[in-house]
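My entries follow in the order in which I made them.

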Amino acid sequence: MFDLSADDVQAKGDIITASGNAFLFYGDIYMVAQKIIYNKQTQEVQLEGGAKIYQGNVMYLDVERVDITLQDKFIKMSHLYLQSAMGIWIMAEQGQGKDGHYTFKRGVISGCDIRSPLWHLNVTSGTYDTQKEYMSVWNPRFYIGRVPVFYLPYFVAPTGNVRKSGLLYPEMSFSNRQGFMYMQPLFIAPYNRWDITLSPQIRTNRGFGGEVEFNFADTDNEVARLQGRYFQNSDDYMNVNNLKNQHIYGGTFLYKTHNVLVKNSERVNDGFWANVTYMNDLEYMRLQSLNAVFNTRLYESRINYFLNSNKHYFGTYLKYYLDLSKPNNDDTFQALPQIHYHHYTDSLFFKNLLYTFDYQGKHITRPSGYGYYQNTMSLPIGVAFPIAKDYFSLGGSLDMYATSVLLKDAFGLTDATGSALNKNINYGVGSYNVSINSDIARPYKHFFHSMHFEAIFSGALYKYTSYAVADDKYQAYNALIDQGLSTEALSMYWNPSDIVDVVKNKHKVDLKLSHYFYGKNGKELFYWRIYQRLFLQDSFLMSNQVLRNEIGFLPFSGLNVSASAFYSYTRKAFSEASLNASFSRWGLDSSLTYYFKLDPLYLASGLYSAQGNTGFARANLGYDFGYFRLNANVGYDVGLGYLKDWYVTISKDIRCFGIGLKFAQDVRPILTADNQITPITNQYVKIEFRFVPLANTGLTYRFEE
């Protein structure tokens, strides 16, 4: 297709001259200029005066002259302008190109406003491929405003949002403890379905290592990730910090997907999920980047598969725990595997008679110490019907529960009375449940209110227990707790509640009350939930029950407050409390989180030592002052009474450029040679530059402890 038009078009021989708002459309190229001269014989085009050329997503601009050969689409330009779909533009004195591949000399590159770019690159020459969407330049000098920042002899960057092989932006940091730290990732993406990232790193005062990451997308575009990481600490660093492991290594596998065995079914679906990690040291997780934080000594790996329909659910789970605070992991319980079947609530014989069924099989094992096989079944059958004109609902059910435990390698294991345990443990109970509940709702002029009340009375009608889980064994273990024995001392005895749910055979009452208030637009304004369990015959369990209160308050847009408090009337103390508040409005972002919990053993024994407390408080504040944005965050350990971490960030983002300065401190636990978790106070300052949409880079300096 060829179309040439202008205010004035004249022809002389093979030469056609179009002047005044001239445009030429040829193939996929659209050209606009004040004057267009076209040679029909040679198919050459000259554009003069404010020339603009569009081809696909790319625009070229020449304020003087453009020469184009239409037959092979060869373009020769002076004072050119190229722009990609991502907003990166190139201006150069000279350039030429063909079939989407262009070369240029003496150019400027940026993603900012063309009149006054906040950042730009000055280059001596370069190439730009519109089809492969990448550019490569020689001798780039990076400028912020008019100030030169750094120089590179050669630089390659993508100009589109399609994955490209090449170097990713590096991480750099400096620490008095670890020296200069540098990580340079290399991204390799030869195919659409998989890629590899190689990330070698060096820490001059500590050692060297690296990471390999492999990503693969299946036919449903679910991504599987396989990572391997290794780092070698130097001898000096090992001795100075008394570290346990000189060689740090491990691996991670992540994958989730659906429709594994079941395809195109509306009634049945299945899924697979895996998150598996092995590591020999806490540092494995921190070495994934120069500033990674990881403070959890107990790490859980899982492999799950489920099959689900409208009436049936089947699942199998494997759980593996790594306790990195121990000399080895031999005495840590592992669930390999666990099987679960559940039949959803369904009617039996007639509509109001309902039942459900649940089965779980567990294989709990460990190389050192006892393990067990356990099979548990639960079958509740009940009926519910409305009374008092539907204001109340009355229900009753019979719950048949049974579990069987087969101990293995339980030699020397004794109960609280000093008696040896049998290998087989059986427990069964038939319990009743009688419930009455009410759901009431009413609209008012400015809000809508709903209230729910429920009381459940339950207890055992029949029970069978092996000697290991008999009531006297249970009471003997509780007596040891009342004596104030430590956790280590109690671990020497068999706890009947560890495997068997002894609460099933206890007579109890559960009381629940909740209120909800909604605004005219359906938005939740306020809620209050209260719950109390009362044991009618077991004084030990009754003394450990708490009154649970939960409230939430959302008076207007931007403010959200929620809190919970668990209070023990017997102990006259709060066993657990939390507060979450956030406010986001008028440029202000803030939040406050508080959590506190007493150790259950300390609560049961009446010893309220600070060592038995667990809790934390965290506050965050952010505000945009216009000239810059300020963010501050601080965390405090309530139980142990120390400052966990804090940071203050000052940042500014101006469309295409951003800069941030961060001052921070955190506490990092390390595993020492004597298998102790030792905290290290870590203070650092970090500066980060964001060149949008090109790259991010920064530098971190860490101070001495």
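Predicted model: local features only at pLDDT ≥ 70, side-chain atom pairs only at ≥ 80, totals over all residues.

**Entry 1**

Residues are numbered from 1 along each chain as its sequence is written, and side-chain values use heavy atoms, with hydrogens and water left out.

Strand β9 covers residues 74-83 and strand β10 covers residues 89-98; the two run antiparallel and are joined by eight bridges. I count two strands as paired if DSSP finds at least two bridges between them. The hairpin of β9 and β10 has five residues between the strands, and Gly87 takes a positive phi near 100° there.

I then followed β10 onward to strand β11 (residues 101-110), to which nine bridges join it in the antiparallel sense. Lys98 stands opposite His101 of β11. Two residues lie between β10 and β11 in their hairpin, and Asp99 in the turn has a positive phi of about 55°.

Which side chains meet Arg106 in a salt bridge? I found that Glu93 does, at 2.9 Å from N to O. A salt bridge is a side-chain nitrogen of Lys or Arg within 4 Å of a carboxyl oxygen of Asp or Glu. Glu93 belongs to strand β10 and Arg106 to strand β11, 13 residues apart. I recorded 16 salt bridges in the structure.

**Entry 2**

I next looked up strand β36 (residues 547-553), which is joined to strand β37 (residues 559-568) by seven bridges and runs antiparallel to it. Glu550 has Ser564 of β37 as its bridge partner. With five residues between the strands, the hairpin of β36 and β37 includes Gly558, whose phi is positive, near 110°.

On to strand β38 (residues 573-585): β37 pairs with it over ten bridges, in the antiparallel sense. Val561 stands opposite Ala581 in β38. I found four residues between the strands in the hairpin of β37 and β38, where Lys572 takes a positive phi near 55°.

I recorded 17 bridges between strand β30 (residues 371-387) and strand β31 (residues 392-408), which run antiparallel. In this pairing, Pro380 has Asp399 of β31 as its bridge partner. The hairpin of β30 and β31 has four residues between the strands, and Ala388 takes a positive phi near 50°.

β31 also pairs with strand β32 (residues 424-443), in the antiparallel sense and over 14 bridges. There, Leu394 has Ile436 of β32 as its bridge partner.

**Entry 1: backbone angles**

I noted as background that most residues other than glycine have a negative phi, and most peptide bonds are trans. Asn21 is not a glycine, yet its phi is positive, about 50°. I located Asn21 in strand β3 (residues 15-26). The peptide bond from Leu336 to Pro337 is cis, with omega near -10°. Pro337 has its place in strand β28 (residues 334-348).

**Entry 2: domain 2 and domain 3**

I looked up the domain assignment, which gives domain 1 (2-159), domain 2 (163-294) and domain 3 (613-704). Such bounds come from an automatic or database domain assignment. The C-alpha centres of domain 2 and domain 3 lie 22 Å apart. The contact, meaning heavy atoms within 4.5 Å, takes 22 residues from domain 2 and 22 residues from domain 3.

How much area is buried between domain 2 and domain 3? I found about 1900 Å², of which carbon and sulfur atoms give 49%. Buried area is the accessible area (1.4 Å probe) that two parts lose on being put together, summed over both. In domain 2, the residues that lose the most area to domain 3 are Asn176, Lys244 and Asn291, together 26% of what that side buries.
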